[in-house]
Amino acid sequence: MNTDFERLTLPIDGDFTISRGSKSTVETVVVRVGDEAGQTGVGAAAPDPHYGETADTVCAVLPDLLDAVEAVDDPLSLDAIERRLRGVVRDNPAARAAVSIAVHDLATRRLGVPLYRYFGLDADRAPATSYTVAIDDPEAMAAKAADAVAEGYSILKVKLGTDRDRERMEAVRGAAPDATVRVDANEAWTPGEAIAKSEWLADLGVEFVEQPVPAENPAGLKRVHERGTLPVAADESCVTLPDVPAVADSAEIVNLKLMKCGGVREATRMVHAARAHGLEVMLGCMVESTASIAAACHLAPLVDYVDLDGALLLAEDAYEGPTYAGGTLTVPDRPGTGVRPVESD
Ligand SMILES: [Mg+2]
């Protein structure tokens, strides 16, 4: 097998603000893995500094990860490849996920089936994706929500976690009275705040609240789960497989992401572990290129909630494949993840 990688900076459409901060571009590292027959699998890393990764750290570990892939004779031995990647670097999940996505794309291109077919899934069973309304002035958030609903999105994920949460939430609800609304506080609240806010959030018809308190406060998460009015989804508190049983009595839902857990197969293991613990499952993403979100789109039929709108937040993407128009995930009817470079004019 032959491999290479390329660093890209993708512009976000406007600024993307959550409780932790703002950004206007996304650093991406695209990975390509090719075989002797000339087929090429594509994946990408969307490193998140919150989890200790940057484009620099991804580029630093990729040569070793790709050496390990090149040393494998059989490109279909995906389980062995993913295990080997974990042996090379324990952390660096976005770098490992990029390679995992690329080898899964290559393997299923060789097999001549879309990735979801390889997992035995029915693409029509994928839940609709939510559309993210990032933190902004209440009026701007309301306008964003109204636009999203007009474009067909029926599920909104509203980012909260600053001083004017209630004002912002009421503005969004006013602009989108019929939408399903989920709230993501990205660790911003104390347990007491989260419990109090869950009451008026429930009155505003919010479905659940994601990561209300810091991941470093597992007892606080449990308290919000037990005493709050809304179901709790664990995101920053649920990163890798051992976190699933650890949050099972502190949340109703876990938000799994390839960039957190480090691989396509690891993500499916986490789905099954979550089910065994009676948890519902959301599949999420970072602000990402379709080059990496594509793989998650193929796994979406396995889960209950989908938050795979990361590429919709970009002003420009270098890759195309699955589409998300109006919230409906559609994967291309071609082998692999269906990803290919956007044709430039
Ligand atoms: Mg989240």
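**Figure 1. Salt bridges in the predicted model.** In this predicted model, the count of salt bridges comes to 29. One of the pairs joins Arg110 to Asp35, with 2.7 Å between the closest N and O atoms. Arg110 belongs to helix H3, while Asp35 sits in the loop between S2 and S3. The two residues are 75 residues apart, and the pair thus links distant parts of the chain.

**Figure 2. The two domains of the chain.** The domain assignment divides the chain into domain 1, residues 2-116, and domain 2, residues 121-341. Taken over C-alpha atoms, the centres of domain 1 and domain 2 are separated by 22 Å. Domain 1 contributes 43 residues to the contact and domain 2 contributes 47 residues.

**Figure 3. Area buried between domain 1 and domain 2.** The size of an interface is often expressed as the accessible area lost when the parts come together. Between them, domain 1 and domain 2 bury about 3,700 Å², and carbon and sulfur atoms account for 62% of this area. On the side of domain 1, the residues losing the most area to domain 2 are Ser19, Tyr51 and Tyr116. Together these three residues make up 19% of what that side buries.

**Figure 4. Salt bridges and polar contacts across the domain interface.** Six salt bridges, given as 6 by the rule, cross the interface of domain 1 and domain 2. A salt bridge is formed by Asp79 and Arg269, whose closest N and O atoms are 3.7 Å apart. Across the interface of domain 1 and domain 2 there are also 22 residue pairs in polar contact.

**Figure 5. Elements of domain 1 that face domain 2.** At least two residues of the side of domain 1 that touches domain 2 come from each of strands S1 (2-18), S2 (21-34) and S3 (40-45). Helices H2 (78-88), H3 (93-111) and H4 (115-118) likewise each supply at least two residues. H3 provides the largest share, 10 residues. By residue class, this side of domain 1 comprises 22 nonpolar, 9 polar and 12 charged residues.

**Figure 6. The span annotated in UniProt, residues 138-231.** An unreviewed UniProt entry lists residues 138-231 as "domain: Mandelate racemase/muconate lactonizing enzyme C-terminal". In the model, residues 138-231 are 50% helix and 16% strand. The end C-alpha atoms of this span lie 25 Å apart.

Conventions: Residues are numbered from 1 along each chain as its sequence is written. This is a predicted model: local features need pLDDT of at least 70, side-chain atom pairs count only at pLDDT 80 or more; totals for chains, interfaces and linings use all residues. Side-chain values use heavy atoms; hydrogens and water are left out. Domain bounds come from an automatic or database domain assignment. Contact means heavy atoms within 4.5 Å. Buried area is the accessible area (1.4 Å probe) that two parts lose on being put together, summed over both. A salt bridge is a side-chain nitrogen of Lys or Arg within 4 Å of a carboxyl oxygen of Asp or Glu. A polar contact is a pair of N or O atoms within 3.5 Å; within protein, one must be able to donate a hydrogen and the other to accept it, and residues adjacent in sequence count only if both atoms are side-chain atoms. Helices (H or I, at least four residues) and strands (E, at least two) are DSSP runs, numbered from the N terminus. Ala, Val, Leu, Ile, Met, Phe, Trp, Tyr, Cys and Pro count as nonpolar, Asp, Glu, Lys and Arg as charged, and the others, Gly among them, as polar. UniProt positions are given in the numbering used here, feature names are shortened, and annotations may be inferred rather than shown by experiment.
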